[in-house]
Amino acid sequence: MHLRSFCFYLRECLPDIRRNGVGEKDLGVFTITFYDNCKACCEKDKSHPAYGMTTSGKRARRGYAACNWLPFDTVLKIEGLGVYTIKDRGAKAFFGTHKKPTKRIDVWVSSHHEARRLGMQKRRVVLLAVP
């Protein structure tokens, strides 16, 4: 599905999905990147009051991911990686906005070494639940 029609599909379907729940909806192949709490990834050092916190106000941990246009608490299954909950946002230039979404998700990992090792991947993403 072309990204523009995919975005239209999500805008039209999200209200209905919220009301009626979701089976499993294949969202297609996304670019998956990885980040941790370090200054290189989040631009905050350990002395910053928001160090280690997601945009949703929760402390970053395994199972959390960032996407700028899916609602917080959306649950996704990323092929080969597991189940993740959207709890964070990323840079608009990379992760888009509600009006201009991109098929990209940033997955939290515990170290910068792990983020670098995992790099950038293409993975199929399945929508499991929308709040």
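User: Hi! Let's start with threonine 74: is it buried or exposed?
Analyst: Threonine 74 counts as buried, with a relative accessibility of 0%. Keep in mind that this is a predicted model.

User: Okay, and where does threonine 74 lie?
Analyst: Threonine 74 is part of the loop between β2 and β3.

User: Which residues is it in contact with, if I skip its neighbours within four places in sequence?
Analyst: For threonine 74, those contacts are Tyr84, Thr85, Ile86, Leu127, Ala129, Val130 and Pro131.

User: What about aspartate 73, where is its place?
Analyst: Aspartate 73 sits in the loop between β2 (64–66) and β3 (75–78).

User: What is its phi like?
Analyst: Aspartate 73 has a positive phi of about 75 degrees, although it is not a glycine.

User: Is lysine 87 buried or exposed?
Analyst: Lysine 87 is buried, at 10% relative accessible area. You'll find lysine 87 in strand β4.

User: Let's zoom out. How many helices and strands are there?
Analyst: The protein has four helices and six strands. Starting at the N terminus, the elements run α-β-α-β-β-β-α-β-α-β.

User: What do the six strands close into?
Analyst: The six strands close into a barrel, in the order β1-β5-β2-β4-β3-β6, with mixed pairing. From one strand to the next, the twist averages 45 degrees.

User: Which strands does β1 pair with there?
Analyst: β1 pairs with strand β6 (residues 121–129) in the antiparallel sense, over seven bridges. With strand β5 (residues 104–108), β1 pairs in the parallel sense, over five bridges.

User: Which residues can I look for in those pairings?
Analyst: In β6, lysine 122 is the bridge partner of threonine 31, and valine 125 stands opposite glycine 28. In β5, tryptophan 108 is the bridge partner of tyrosine 35.

User: Why is strand β1 described as largely enclosed?
Analyst: Eight of the 11 residues of β1 (residues 25–35) are buried, so the strand is largely enclosed by the rest of the structure.

User: Which residues in the largest nonpolar core touch the most other members?
Analyst: That core has 20 residues, and Ile32, Leu76, Ile105, Val107 and Val125 touch the most other members. At least two core residues come from each of β1, β3, β4 (82–88), β5, α4 (112–118) and β6. The element that gives the most is β1, with four residues.

User: And what is isoleucine 32 in contact with, neighbours within four places in sequence aside?
Analyst: Isoleucine 32 is in contact with Ile78, Leu81, Ile105, Val107, Gly119, Met120, Gln121, Arg123 and Val125.

User: Last one: what percentage of the whole protein counts as buried?
Analyst: Of its 131 residues, 41% count as buried. The accessible surface comes to about 7,600 Å², and 53% of that belongs to carbon and sulfur atoms.

Definitions and conventions
Residues are numbered from 1 along each chain as its sequence is written. This is a predicted model: local features need pLDDT of at least 70, side-chain atom pairs count only at pLDDT 80 or more; totals for chains, interfaces and linings use all residues. Side-chain values use heavy atoms; hydrogens and water are left out. Buried means under 20% relative accessible area, exposed over 50%, partly exposed in between (1.4 Å probe, protein chains only). Two strands pair if DSSP finds at least two bridges between them. A nonpolar core is a set of buried Ala, Val, Leu, Ile, Met, Phe, Trp, Tyr and Cys residues joined through side-chain atoms within 4.5 Å. Contact means heavy atoms within 4.5 Å. Axes are lines fitted to C-alpha atoms, for helices over the stretch in contact, and angles run from 0 to 180 degrees between N-to-C directions. Accessible areas come from the Shrake-Rupley method with a 1.4 Å probe; for residues, only the protein chains shown count as cover.
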